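User: Hey, I'm new to this one. Can you walk me through a few spots?
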Amino acid sequence: MPKFDLYDGHGDPVTHLRGYYSKMRGVGKKDKLLMAYFSQSLGGAALEWYTRQDVSKWCTWDDMAQAFAQHFQYNIEIVPDRMYPTKMEKKPNESFMEYGLRWREKAARVNPPMEEKEMVEYFLQAQEPTYFGHLITAVGRPFNDVVKMGQMVEYGLKSSKIMSYSALKATTQATQNDIESLLGQKEHDDVAMVVSESRHDPYAKGFDPTVRCMYHSNVQGNSIEDCHALKREIERMIQEGAIMIKDSDMKYANPLGNLLTEINNIEVVNGLGNIDVESSG
């Protein structure tokens with residue numbers, strides 16, 4: 001018994017019928033044999049269709065062949081246009097060589113047929129940005145050369161010798177976010193410095209020459225209880241969990257006022273510092 005090419009419901013059904021009939025020459029092309037072995041040449045949707053049929057209604061091979069051709073006629077009527085191949089993307093589990101062969105097979109169904117130069121141009125349009133950027137120089141070259149170049153790009157991506165455009169875009173965005181964060185922090189620090197310096201100005205409102213701020217290296221002008229820069233820094237550390245107030249009896253409504261004079265023990269942990277605050281009273 002000959003080995004048949006399976007028809008899965010895609011492609012020209014008449015072409016399959018002719019191929020099957022040609023391979024059955026060795027059995028005499030008798031209707032009963034042609035009908036009996038026809039299911040062995042089917043697969044997928046075509047085999048599913050066959051198993052749902054009442055084969056007793058087919059008296060001759062021509063009856064079966066006609067019913068088969070009529071059912072899958074839509075494959076002939078729906079002729080793909082030139083934009084159809086550009087929508088065929090490479091599957092994650094297939095190599096570039098397999099993708100190229102599958103793409104060309106589908107593109108060959110376009111009517112009127114495309115010349116090879118035109119086929120290459122449409123093939124490039126179907127590529128994702130990384131492949132497109134590396135294969136654009138292949139315009140005008142044979143299709144097989146383009147596939148070989150695609151294999152080299154594929155190897156470069158797998159070996160990390162080539163960075164994909166998506167990864168490059170993500171890295172660029174992350175770098176931009178870091179820069180913006182640093183610029184934002186610098187602007188915040190600059191504002192805090194201006195405010196701090198204004199409080200140490202002898203001519204500024206609220207300047208008290210009799211007190212000094214330990215947080216600003218004993219600079220004259222305000223006490224540590226009135227130091228806004230220190231209060232903001234402690235607020236930030238509390239929000240980040242770097243400062244933990246363990247005394248449950250301590251009022252937390254304004255921990256940055258008299259609380260600063262009641263710190264008896266400071267323990268630095270992990271570089272940030274956990275501050276154990278105990279009431280002095």
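User: What does Glu118 form a salt bridge with?

Analyst: With Arg82; their closest N and O atoms are 2.7 Å apart. The pair links distant parts of the chain, 36 residues apart: Arg82 is in the loop between helices H5 and H6, and Glu118 is in helix H7.

User: And which residue does Glu116 form a salt bridge with?

Analyst: That's Arg104, with the closest N and O atoms 4.0 Å apart. Glu116 lies in H7 and Arg104 in H6, so this pair ties together parts twelve residues apart in sequence. Glu116 is partly exposed at 35%, and Arg104 is partly exposed at 31%.

User: How many salt bridges does the structure hold?

Analyst: Eight. Glu233, Arg236 and Glu240 are linked in a network of them.

User: New topic: which residues of helix H4 are buried?

Analyst: Trp61, Met64, Ala65, Phe68 and Ala69. Down the helix axis they fall within an arc of 125°, so they line one face of H4. Asp62 and Gln70, on the other side, are exposed.

User: What covers the buried residues of H4?

Analyst: The cover includes H1, H2 and H3. His16, found in H1, is in contact with Phe68, among others. His16 is itself buried, at 11% relative accessible area.

User: Where does pLDDT stay under 50?

Analyst: Over residues 250-281. Where pLDDT is low, the predicted coordinates should not be read in detail. The protein averages 77, and 72% of the residues score at least 70.

Methods. Residues numbered from 1 in each chain as written. Predicted model: local features only at pLDDT ≥ 70, side-chain atom pairs only at ≥ 80, totals over all residues. Heavy atoms only, no water. Helix = DSSP H or I, 4+ residues; strand = E, 2+ residues; numbered from the N terminus. Buried < 20%, exposed > 50% of the residue type's maximum accessible area, 1.4 Å probe, protein only. Contact = heavy atoms within 4.5 Å. Arc of directions from axis to C-beta. pLDDT = per-residue confidence, 0-100. Salt bridge = Lys/Arg side-chain N within 4 Å of Asp/Glu carboxyl O. Lists of a residue's contacts leave out its neighbours within four places in sequence.
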